[in-house]
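The following paragraphs give a guided reading of a protein model, from its overall form to individual residues. Please keep the sequence and the structure in view while reading.

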Amino acid sequence: MSIDFDPTDLDALSSTFSAEEKDAAALRKLMQLQSDMADTLVERFERNLEAFEKYMPEVAKTFRSYRPSETIEFFCAPNGVPNLRFVERDEILYKHINPLTLCQKQVELLLENQLFSQVRYDYEYDWCGQIHHRYMNRAVYIMKSYKDDLDKPRLGGAVPTCIMLGCGLGYPVGMLYERIEIANLIIVEPNLDLFFASLHAFDWAPLLEFLHENHCAIYLMLGQNKEQFFDDLNHFFERHGKFLAGFFWCYIHYRSPLINELAKIIMRDYKRVYEAMGYFDDHLFALSHAAHNMLNKKELCRRDRELSPEIKQYPVFVVGNGPSLDKDINFIRKYQDKALIVACGTAIEALYRAGVQCDFYAATERIPQLEQTLRILPDQSYLDNVILLAGDVIHPYTTAMFRHTCIFSKPDEPFFWMMLGVAPEEIRKWENIVLMNPLVGNCGVSAPTMLDFKHIYLFGIDNGSKIDENMVYHSSFSSVYNPYYGAKPEAIPKIQAQHVVPGNFGGRVHAPKFYRSAIRNTELLIEAYTKMKGIEYVNCSDGALIEGARPVHSADLDADFAARPVLDKEKMRQDLITNKLYSIDVTREDIEKVLRKDDFHHVVNTLLQGLKHRPDNRLDMVQMLESFAEIITTLSDSANRHIGYVLDGSLETMFMIANYCLFHRDDPAQGLKLCNEVLDVFEKFLEDAHRLYDFLPDYCLGPHQKLCGGKIGEDHENAPAPSMPVIYDVIPKARLDAVVYTPFVKNYGDEKAAPATN
């Protein structure tokens, strides 16, 4: 049945019924029956509280003596079904003579017409040799080798996860379970008065008993406000499996301003649950890089000391390599001595060529080729007074380029948690960095935020490209992207509507997936630290709008900066080095001990053993996958937390593919068959993981190829290990060898800035 209205709008839904069924006068007459059903309501409330006391005692505790925030009255239909009236508002919840009929129609319409979405992975290019990519690409091949039964993915007889926004008096909850099997139902009811009312109107007790007997899970998020909602939802997926977030079905039972806000938050932020999980090889690289940097006494950022109040007031220019940098380069040159300059990634070469001495270099990537983008600078002494800002995953080749490093711990990576077992007091002094991914501009904004600089200005942090005839993504001052040097010209992308975002100064910006994630993470950072630390963020970039950062053209800052004094940058460096940087004395033996290799092998063997016993139905299969994810979760409360981090991303990714196979087809048997084929691939991944973990702490990206004998993983039956790919240079060695030394000279704008051409 096709529909031309929103069934989640109860008023719109009720308008589809006959006048008699929805007649307000008739409804009000029914209120007279309220006293007749009072005893039934109280008895049902007591039965429900007893059931919640047994299965969810916190719910029972909350509502045992609850008092509604507004006056509510029950009345009932002739068949005794309770309805609800909000007295002060004189508003009825279900504008229908029989609420069950209204709710039944909503359930039917949503099941028939509402589409769900699933994460559908594609092949990933493996540029350096990683078992995650080897086996994930094999799983993707299985997924793609069978034509989807569902051209438009509609709900079948079972779903792994349903998020219900608003449960009203509870009626649609029972109706859903009558129609489909649900492995996990997450009920979000922000209105505690309504849930209190549902305890009188709906028989929760037999439903909870049924769910317990059939091992189905129900989770209640009650009284949520929009500030805590996403964190609480994310906590559910972190505990029970991020792969569950790969199947998205949101059932909205009724509309209200807060329900609408929560729906917007889900649509805006839902992908954050699984977008930045990392994967096995990547975490091995990160552990090895961090270990070598610590053994080499590279300086870390400490949290137990502060920069001086005077230094914190120094303005900071965060400079990305976006195309709008070309418009602001003269402003940056002119006032480079009146602000601290943070070069984000390849922006360091653009600044060098424009005659700007940066003070910091921000780096996000753990790849070894960053060293090449630094060696391209004709005067290597330029780096002598540049301090590296990076997370603990940074490659030792990169840290070797700098006299001073300011390395932050990454709480979403394994190294910090592992090292708590070596020197807990010293490690707890280590400042962490948040929201520094996915792009280097995120690190450029986050690092000075963590250092508590109060005035941060963004230049060239475009996060995309203005939609015009040029459509380039990088500054013309960067030779890395300049076709004059043999680099591939940036292809003008095909613009898709979902990739278009508003511009900082109007217009539209093309921002594909990672750019949009970068925008959102910067917005979250700004929102948090504007409130927490009073930091001011100004966006001068002519790229994507970043909510929370004040859009200002650099020309409008000219008078302000003209009047500012020249900064004492040497004083800043000494303050930073003295108060914020430190190193930790550890030995290789210390690191070998806390890697806990025997424990890693035990966890992997536990997963392999569990995979030998597989269910024969979809819901039990989901529950088995959840149990594996929960094994990883339990490690977070132990000394083996780092092992959970190492395994989690690849496990969740593989399970998302298995989940897709399981639920994206009409035939459950076919779904189970494909799911099992994917799990066979996952078994091979786990078998190979044993060997690679034993290479730690020397599994650095690049040198890892020699450790593995040039092969990606192990040989398996009918699947020999492929050879490692050649790791290509970002900048060819011949070009680096041809760099001619010329001394760096500052340019304050007295010479015309020109793009890189030689």
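Does Asn463 count as buried or exposed? With a relative accessibility of 10%, Asn463 counts as buried, since buried means under 20% relative accessible area, exposed over 50% and partly exposed in between (1.4 Å probe, protein chains only). Asn463 is found in the loop between strand E16 (455–459) and strand E17 (465–466), where it has a positive phi of about 50° although it is not a glycine. Helices (H or I, at least four residues) and strands (E, at least two) are DSSP runs, numbered from the N terminus.

This is a predicted model, in which local features need pLDDT of at least 70 and side-chain atom pairs count only at pLDDT 80 or more, while totals for chains, interfaces and linings use all residues. Residues are numbered from 1 along each chain as its sequence is written, and side-chain values use heavy atoms, with hydrogens and water left out.

The protein contains 32 helices and 22 strands. The C-alpha trace spans about 95 × 65 × 50 Å along its principal axes. Of the 758 residues, 57% are buried.

In soluble globular proteins, nonpolar side chains tend to be buried together. A nonpolar core is here a set of buried Ala, Val, Leu, Ile, Met, Phe, Trp, Tyr and Cys residues joined through side-chain atoms within 4.5 Å. The largest such core has 213 residues, and Leu165, Trp204 and Phe317 touch the most other members. Helix H29 (residues 641–663) gives the most to this core, with 13 residues. Apart from this core lies another, of 38 residues, among them Cys344, Val445, Tyr529 and Met572. Leaving aside neighbours within four places in sequence, the contacts of Trp204 (heavy atoms within 4.5 Å) include Asn48, Phe52, Cys167 and Ile218.

Asn437 and Pro438 are joined by a cis peptide bond with omega of about 10°, and Pro438 lies in the loop between helix H21 (424–428) and helix H22 (440–450). A cis peptide bond also joins Leu696 and Pro697, with omega of about 5°; Pro697 is in the loop between helix H30 (668–693) and helix H31 (704–707). Asn718, in the loop between H31 and helix H32 (733–737), has a positive phi of about 60° although it is not a glycine. Asn718 counts as exposed because its relative accessibility is 78%.
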